[in-house]
Amino acid sequence: MQKVMMKLGGMTCPSCLTKIEKAVENVDGTDQIKVLFNAGKLKFVMDSNKTNTDDVKNAIEKMGYEVMGIKEKEIN
């Protein structure tokens, strides 16, 4: 399992937050999804046996938002 933080661009209103959370929820292997609108960040836990950050990044970018940075941290 990994904790992931992504820096996002293109969020213009709080409804963007809901759209991004739903898109990430639809990626198998993601959990504890939280978008921090004012900080422009997405935090979630990912099962690296089921998905990877590229899958999540693609789901976000398909909706027209930008992923400007990704940090991953292994958790036990």
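The dialogue below turns to one residue and then to one helix.

Tutor: This is a predicted model, in which local features need pLDDT of at least 70, side-chain atom pairs count only at pLDDT 80 or more, and totals for chains, interfaces and linings use all residues. Residues are numbered from 1 along each chain as its sequence is written, and side-chain values use heavy atoms, with hydrogens and water left out.

Student: In which strand does E72 lie?

Tutor: Strands (E, at least two residues) and helices (H or I, at least four) are DSSP runs numbered from the N terminus. E72 belongs to β4, residues 66-74.

Student: With which residues is E72 in contact, beyond its neighbours within four places in sequence?

Tutor: Contact means heavy atoms within 4.5 Å. On that basis E72 touches Q2, K3, V4, M46 and T53. The C-alpha atoms of E72 and K3 are 5.8 Å apart, although 69 residues separate them along the chain.

Student: Which residues of helix α2 are buried?

Tutor: Buried means under 20% relative accessible area, exposed over 50%, and partly exposed in between (1.4 Å probe, protein chains only). In α2, residues 53-62, the buried ones are T53, V56, A59 and I60. They lie on the same side of α2 because they span an arc of only 125° around the axis, taken from the directions from the helix axis to the C-beta atoms. Their cover includes β1 (2-9), α1 (14-25), β2 (30-36), β3 (41-46) and β4.
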